[in-house]
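This report is written for a reader who is meeting the structure for the first time. Please keep the sequence and the model in view while reading.

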Amino acid sequence: MMKEEGNLEWVGREKRRSTLRNFNWFLLVNVLLALYLLLQRAQTFGERSLSSLLRGAPAICGVVLLSALSFVAIRQLATRGKLASWRGAVVCTLLLALCWCGVFHHLIVSDSINLLYPLTLGLLFSSLIAFYLSPRLFFLFSIPVLLVAIAENIFIHSAFSLVNLISYALMLFLIYSAQSRLEQWFQLAIERE
């Protein structure tokens, strides 16, 4: 019994350690997606000046800034221990989700709705890869992003249809089943070790 409790603690520590390592990659993906949106905005609106481009997209700039600050914060918190790093990752994940909600609102209001679905997929699958061992972080990021994408698409653009409903249901099924498979593979690797 005591050995099994020790194994469970070790598995929990390994999950957190792996998730924190994946967090840096997730931050990079956030920056890359935000930079893509800035380039898309510059091309669409013919923005020539960097300052007007950045002023016109505060939520997108917020994602880049928050991602960079999160990287630094997690590094600093690592000196205080794994628990501090973990708590920092939770806060940073929630703040990033809220920034992306702002980006989605901006995209929908500015009629860039064609970017919404692929961006949602990219964010959800990248969060799945980074947080597959931590359902808490995965859901903390994905639920606000998904709810805003669906709600604003339906209510602002009146884009409710059976096809849209099926596409979002299919996306949820794929993400949930992929998360389960990835976690099972991790458990199998731990058991073999």
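## A nonpolar surface patch

W25, L28, L32, L35 and I129 make a nonpolar surface patch of about 470 Å². Patches of this kind consist of residues with over 30% relative accessible area and no salt bridge, with like charges joined within 9 Å and nonpolar side chains (Val, Leu, Ile, Met, Phe, Trp, Tyr) joined within 5 Å. A salt bridge is a side-chain nitrogen of Lys or Arg within 4 Å of a carboxyl oxygen of Asp or Glu. Accessible areas come from the Shrake-Rupley method with a 1.4 Å probe, and for residues only the protein chains shown count as cover.

Helix α1 (residues 2-45) supplies the largest share of the nonpolar patch, with 4 residues. W25 belongs to helix α1 and is partly exposed, with a relative accessible area of 37%. In these terms, buried means under 20% relative accessible area, exposed means over 50%, and partly exposed lies in between (1.4 Å probe, protein chains only).

## Basis of the model

The model is predicted: local features need pLDDT of at least 70, side-chain atom pairs count only at pLDDT 80 or more, and totals for chains, interfaces and linings use all residues. Residues are numbered from 1 along each chain as its sequence is written, and side-chain values use heavy atoms, with hydrogens and water left out.

## The chain as a whole

The chain has 7 helices and 0 strands, and from the N terminus on its elements run α-α-α-α-α-α-α. Helices (H or I, at least four residues) and strands (E, at least two) are DSSP runs, numbered from the N terminus. Taken along the principal axes, the C-alpha atoms fill a box of roughly 65 × 45 × 20 Å.

Of the 193 residues, 39% count as buried. The chain exposes about 11,100 Å², and carbon and sulfur atoms supply 67% of that area. Among contacts with a separation of 6 or more, 75% are between residues 24 or more positions apart; contact here means heavy atoms within 4.5 Å.

## Aromatic pairs

How many aromatic pairs does a search of the whole structure find? The search finds 5 aromatic pairs. Rings of Phe, Tyr and Trp (its six-membered ring) pair if their centres lie within 6.5 Å; planes under 30 degrees apart count as stacked, over 60 as edge-to-face and the rest as tilted.

A pair of aromatic rings is described by the distance of the centres and the angle of the planes. The rings of F23 and F26 have their centres 6.3 Å apart and their planes at 40°, so this pair is tilted. F23 and F26 are separated by about one helical turn, because they are 3 residues apart in helix α1. F23 is buried at 1% relative accessible area, and F26 is buried at 0%. One aromatic cluster is formed by F23, F26, F131 and F141.

## Cysteines

The number of disulfides is 0, where a disulfide is a pair of cysteine sulfur atoms within 2.5 Å. C92 is in no disulfide, and the nearest cysteine sulfur, that of C99, is 11 Å away. C92 counts as buried, at 8% relative accessibility.

C101 is buried, with a relative accessible area of 11%.

S18 is found in helix α1 and is buried, with a relative accessible area of 9%. Not counting residues up to four places away in sequence, S18 touches L133 and F186. L37 also lies in helix α1 and is buried at 4%. With the same exclusion of residues up to four places away, L37 touches I60, W100, V103, L115 and L119. The C-alpha atoms of L37 and S67, 30 residues apart along the chain, are separated by 15 Å.

T120 is found in helix α5 (residues 116-131). Is T120 buried or exposed? T120 is buried, with a relative accessible area of 0%. Leaving out residues up to four places away in sequence, T120 touches F104, L146, A149 and M171. P118 lies in helix α5 and counts as partly exposed, at 48% relative accessibility. The C-alpha atoms of P118 and G88, 30 residues apart along the chain, are separated by 28 Å.
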